[in-house]
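Visitor: I would like a short tour of this model. Let us take it question by question.

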Amino acid sequence: MRLDFIREIAGLRALMAAIVLLVGVGYQAGSAAAAGDEYTAQEIVDAGHSFFGETSGALAKVIEKAFSQYGLPNGYILGQEGSGAFIAGLTYGEGMLYTKNAGQHDVFWQGPSLGLDYGGNGTRAMMLVYDLPSIDSLYARYGGVSGSAYVVAGLGMTVLKNQNIVLVPIRTGIGARLGVNVGYLKLTRQPTWNPF
């Protein structure tokens, strides 16, 4: 009787060890799949250099700062935008969202701003996208504080957030704009003139 009890305990221990091993392997496989959906700093720098061209010497430093603060993005947007402000301002842009697991998708953005902000500019924009659970969740309003100092060919980075999703727009362009503003960007599937 006692020998049977010891055998049962040994069998239960072996079963528990097998379950722990299977759960651990499943967790590692899930983590590897999630990590495979993210972009490395080198992938983003390469995409940025190809998009911005040779004028983007400071791009690697800006991307490095974003990666040190927010980690690896699971998507990025490449596009163009135009904006102007005289205390109140408007921004309109369009581009393409790139993801590893859900392909490419058109994206448009527009938004108002208010603050001590004057001038206008046309820019190329790369937006790093963090913690994007699905493509549909991208299309929302993202708020933030934007400090910009665009003078002829400046490079700037801002941070916008909606719930857990973080957008880090990196912009370079031509124009003259100086100031600080508070506003948001609304990302949509289709272009619209309504910034609200």
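Visitor: Is Asp131 buried or exposed?
Guide: This is a predicted model, and the values here are computed from it. Asp131 sits in the loop between strand S2 (104-130) and strand S3 (141-151). Its relative accessible area is 53%. The cut-off for exposed is over 50%, so Asp131 counts as exposed.

Visitor: What is the phi of Asp131?
Guide: Asp131 is not a glycine.

Visitor: Which residues that line the second largest pocket are the closest to its centre?
Guide: This pocket has a volume of about 270 Å³. It is lined by 16 residues. The closest to its centre are Asp37, Asn74, Asp131, Leu132 and Pro133.

Visitor: How do the residues of that lining divide into nonpolar, polar and charged?
Guide: Asp counts as charged, and Leu and Pro count as nonpolar. For the lining of the second largest pocket, the division is 9 nonpolar, 4 polar and 3 charged.

Visitor: Where is Gln163, and is it buried or exposed?
Guide: Gln163 has a positive phi of about 55 degrees, although it is not a glycine. Its place is in the loop between strand S5 (160-162) and strand S6 (165-188).

Visitor: Is Thr123 buried or exposed?
Guide: Thr123 lies in strand S2. Its relative accessibility is 5%. Buried means under 20%, so Thr123 counts as buried.

Visitor: How many Å apart in space are Thr123 and Gly82?
Guide: In sequence, Thr123 and Gly82 are 41 residues apart. C-alpha to C-alpha, the two are separated by 6.3 Å.

Visitor: Is Lys186 buried or exposed?
Guide: Lys186 lies in strand S6. It has a relative accessible area of 12%. That falls under the 20% cut-off, so Lys186 is buried.

Visitor: Which residues does Lys186 touch, not counting those up to four places away in sequence?
Guide: A contact needs heavy atoms within 4.5 Å. Lys186 touches Phe108, Trp109, Gln110, Ala140, Arg141, Thr192, Asn194, Pro195 and Phe196.

Visitor: What separates the C-alpha atoms of Lys186 and Pro112?
Guide: Along the chain, Lys186 and Pro112 are 74 residues apart. Their C-alpha atoms are separated by 9.1 Å.

Visitor: At what angle do helices H2 and H3 pack?
Guide: Helix H2 covers residues 41-52, and helix H3 covers residues 59-70. Their axes are 10 Å apart, and their crossing is right-handed. The packing angle is about 145 degrees.

Visitor: Which residues make the contact of H2 with H3?
Guide: The residues of this contact divide into 8 nonpolar, 2 polar and no charged. From H3 come Leu59, Ala60, Ile63 and Phe67. From H2 come Ala41, Ile44, Val45, Gly48, His49 and Phe52.

Visitor: In what order do the elements of the protein run?
Guide: The protein has 3 helices and 6 strands. From the N terminus on, the order is α-α-α-β-β-β-β-β-β.

Visitor: What share of the contacts between residues at least 6 apart in sequence join residues at least 24 apart?
Guide: The protein has 196 residues, and 39% of them count as buried. Among the contacts in question, the share joining residues at least 24 apart is 69%.

Technical notes. Residues are numbered from 1 along each chain as its sequence is written. This is a predicted model: local features need pLDDT of at least 70, side-chain atom pairs count only at pLDDT 80 or more; totals for chains, interfaces and linings use all residues. Side-chain values use heavy atoms; hydrogens and water are left out. Axes are lines fitted to C-alpha atoms, for helices over the stretch in contact, and angles run from 0 to 180 degrees between N-to-C directions. Helices (H or I, at least four residues) and strands (E, at least two) are DSSP runs, numbered from the N terminus. A crossing is left-handed if the near helix is turned anticlockwise from the far one by less than a right angle, and right-handed if clockwise. On a 1 Å grid over the protein atoms alone, a cavity is a set of points where a 1.4 Å probe fits but cannot get out, and a pocket is an open set with protein on both sides within 12 Å along at least five of seven lines; lining residues have an atom within 4 Å of a point. Grid points are joined across faces, edges and corners, and a volume is the space filled by probe spheres set on the points. Buried means under 20% relative accessible area, exposed over 50%, partly exposed in between (1.4 Å probe, protein chains only).
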